[in-house]
Amino acid sequence: MKSITSTELQQLMASQKDFQLIDVREPDEHAAFNIGGQLIPLGEISRQVELIDPNKPVVIYCRKGIRSQFAIQKLEDKFPFQNLYNLIGGTEAWKRTFGIV
């Protein structure tokens, strides 16, 4: 499974390269704090697969990086995705890296 760190993701965001960012947490978690990702809760990911672009890098995140790993495994098992990246440590790592309390 491909992965990306918070620092690498911030660099990707700053580069303005075309990529997709997906949050697989629940709506209340997304509302409380997010890093700009499109919300597709884990339970909906297979039913909303058409929202995921197969032609550009897609970074998937959650709170700690576990649900996003599960989402990627699920997607890669059922569909021919080769472009999915897990945000290591999720939003918790993002907050630690950038000093967000």
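**A parallel sheet and the helices packed on it**

Strand 4 (residues 58-61) and strand 5 (residues 84-87) run parallel, joined by 3 bridges; strands here are DSSP E runs of at least two residues and helices are H or I runs of at least four, numbered from the N terminus. Within this pair, Ile60 sits opposite Asn86 of strand 5. The model is a predicted one, with local features needing pLDDT of at least 70 and side-chain atom pairs counted only at pLDDT 80 or more, while totals for chains, interfaces and linings use all residues. Residues are numbered from 1 along each chain as its sequence is written, and side-chain values use heavy atoms, leaving out hydrogens and water.

Zooming out, the open sheet has 5 strands in the order 1-5-4-2-3, with parallel pairing (two strands pair if DSSP finds at least two bridges between them). Its edges are strand 1 (2-4) and strand 3 (38-39), each pairing on one side only.

Now for the helices. Helix 1 lies across strand 1, strand 2 (20-23), strand 4 and strand 5, at about 80° to strand 1; axes are lines fitted to C-alpha atoms, for helices over the stretch in contact, and angles run from 0 to 180 degrees between N-to-C directions. Helix 3 (residues 66-78) packs on the sheet too, touching strand 4 and strand 5, where contact means heavy atoms within 4.5 Å.

Ser6 belongs to helix 1 and, at 3% relative accessibility, counts as buried (under 20% relative accessible area, with a 1.4 Å probe and protein chains only). Its side chain reaches the backbone nitrogen of Trp94 at 3.3 Å.

Methods: Buried means under 20% relative accessible area, exposed over 50%, partly exposed in between (1.4 Å probe, protein chains only). A polar contact is a pair of N or O atoms within 3.5 Å; within protein, one must be able to donate a hydrogen and the other to accept it, and residues adjacent in sequence count only if both atoms are side-chain atoms.
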